[in-house]
Structures are given as structure tokens and as C-alpha cells.
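Here is my note on the model you sent. Please read it with the structure open beside you.

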Amino acid sequence: MDSKKNTIDEQTSAEDILDADQETAEQAAAAAGGEPIEAEPQAAEEAGQAPEEDARYAELARQAEEHQQRLLRVQADYDNFRRRTAKEKEELGQYASAKLLTQLLPIVDNFDRAIAAAAGGGDAESLAKGVDMIFRQLQGVLEQEGLKPMEAVGQPFNPEFHQAVMTVESDEHEEGIVVEELQKGFMLKDKVLRPAMVKVSG
């Protein structure tokens with residue numbers, strides 16, 4: 001009886017070993033035949049993420065390089081603009097009066113002619129008329145540039161426009177009225193270029 005039982009146990013163990021060997025053999029055959037062996041879930045997940053992370057890193061590196069190059073170009077453009085602006089400002093300060101001087105040159109020419117005529121013993125009346133014409137020509141140029149003379153006489157004294165050098169008694173004017181202009185004042189557009197030097201009634 002025991003002998004029979006031992007025989008049955010030995011057969012069962014042999015069958016288990018054969019099944020295990022057969023399973024191992026099947027896996028080896030599948031690997032040899034090129035069929036993929038199913039990997040562990042975690043290993044499969046890590047293997048799938050590695051190329052994706054590499055691609056993302058490469059894209060971020062490319063974007064960083066592109067932004068760096070763009071920043072360098074903007075910095076270079078700004079430096080060029082700053083140098084150009086400084087040069088233009090310097091030239092503007094040096095040649096700002098070029099237009100006005102060009103307009104004054106014909107007046108200088110006319111004064112030369114008047115002086116030459118006076119030296120040659122020309123008619124005094126003609127010389128006076130010529131000088132008056134030159135003066136009007138000069139006034140026209142200055143007015144084009146925004147220069148206007150002040151009208152001070154008869155106006156109330158205003159320290160923003162007038163410089164009082166003397167106070168005089170006057171029966172014709174109330175106190176604080178400009179009665180005489182000693183030196184004409186001028187406005188450049190809306191700004192006082194030179195205040196008028198005046199006498200004021202006291």
C-alpha cells in the first residue's frame with residue numbers, strides 16, 4: 001500500500017516539474033522567435049517616458065537659445081539707437097541756428113551795399129531809405145521765427161514783462177502805468193525773451 005502511494009507522489013512531482021519546464025521552455029522559445037516578453041508595468045512605464053522627456057528637454061533648450069539670440073539682437077539694436085540719437089542731438093545743438101543764419105545772409109549783403117554806398121559819397125536820403133528797407137527786411141525774418149516786440153507804453157506795470165528802472169510823477173497816468181519805454185522788450189512766441197526796460201508812474 002505504501003509502495004503504491006509513493007509511486008503516485010513521484011508521478012505528481014514529475015508532472016509539476018514537467019509543467020514548469022514546459023512553461024520555461026515556451027518563454028525561451030517565444031524570446032528566440034522574436035515575440036516580446038511582457039515586461040513589468042513599472043519598467044514599461046519608465047521605458048516609455050524616457051524618449052518623451054528627452055524630446056521635451058531638447059525643445060526647451062532650443063527655445064532658451066532662441067530667446068537668448070533675440071535678447072542679444074534687441075540689446076544691439078538699442079545700443080545702436082542710443083548712439084545714433086546722441087549723435088543727432090549733438091548735431092542739432094551745433095547747427096540749430098543754420099536756418100536762421102541762412103535767412104539773415106541777404107540782410108548782411110544789403111548792409112554791405114549800404115555801407116559801400118555811404119563810403120562812396122552817396123545821397124544821404126537814398127541811404128536812409130535803403131537802411132530802413134533793410135531794417136524792415138530784418139523784422140520780417142525775425143517775425144517768421146516767432147519774435148514779436150512788446151507794446152509796453154500805457155500798459156499796467158507787470159514784472160513778468162517789464163523791468164522798471166525809474167518811477168516818475170505823471171498827471172496823465174494813474175499810479176503803476178508804464179509811461180516810457182527805454183528799451184524794447186520781445187516775446188518769442190509765448191515766452192518772454194527780453195523784458196522791456198520802462199519808466200513807471202508813481
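**Notes on the fold and its charged surface**

1. Burial. Of the 202 residues in the protein chain, 9% are buried. Buried means under 20% relative accessible area, exposed means over 50%, and partly exposed lies in between (1.4 Å probe, protein chains only). This is a predicted model: local features need pLDDT of at least 70, side-chain atom pairs count only at pLDDT 80 or more, and totals for chains, interfaces and linings use all residues. Residues are numbered from 1 along each chain as its sequence is written, and side-chain values use heavy atoms, with hydrogens and water left out.

2. Layout. The protein chain has four helices and six strands. Their order from the N terminus is α-α-α-α-β-β-β-β-β-β. Helices (H or I, at least four residues) and strands (E, at least two) are DSSP runs, numbered from the N terminus.

3. Contacts and surface. Take the contacts in the protein chain between residues at least 6 apart in sequence: 61% of them join residues at least 24 apart. Contact here means heavy atoms within 4.5 Å. The protein chain exposes about 16,500 Å², and carbon and sulfur atoms supply 54% of that area. Accessible areas come from the Shrake-Rupley method with a 1.4 Å probe; for residues, only the protein chains shown count as cover.

4. Salt bridges overall. How many salt bridges does a search of the whole structure find? The search gives eight. The criterion is a side-chain nitrogen of Lys or Arg within 4 Å of a carboxyl oxygen of Asp or Glu.

5. Helix 2, the E66 pair. E66 and R70 form a salt bridge, with their closest N and O atoms 3.2 Å apart. The two residues are separated by about one helical turn, because they sit four residues apart in helix 2 (residues 41-95). E66 is partly exposed at 33% relative accessibility. R70 is also partly exposed, at 40%. The pair belongs to a network of salt bridges that links E59, R62, E66 and R70.

6. Helix 2, the D79 pair. R82 and D79 meet through their side chains in a salt bridge (3.6 Å, N to O). Both lie in helix 2, three residues apart, about one turn of the helix. R82 is partly exposed at 45% relative accessible area. D79 is partly exposed at 21%.

7. Helix 4. K129 pairs with E125 in a salt bridge, the closest N and O atoms being 3.9 Å apart. Both residues are in helix 4 (residues 124-144), four residues apart, about one turn of the helix. Are they buried or exposed? K129 is exposed, with a relative accessible area of 53%. E125 is exposed at 51% relative accessibility.

8. Negative patch. E169, D171, E172 and E175 form a negative surface patch. Patches are made of residues with over 30% relative accessible area and no salt bridge; like charges are joined within 9 Å, nonpolar side chains (Val, Leu, Ile, Met, Phe, Trp, Tyr) within 5 Å. Lys and Arg count as positive and Asp and Glu as negative; His and the chain ends are not counted. The place of a charge is NZ of Lys, CZ of Arg, CG of Asp or CD of Glu. E175 lies in the loop between strand 2 (162-168) and strand 3 (178-183). E175 is exposed, with a relative accessible area of 67%.

9. Nonpolar patch. V165, M166 and L182 form a nonpolar patch on the surface, with about 240 Å² of accessible area together. V165 is found in strand 2. V165 counts as partly exposed, at 40% relative accessibility.
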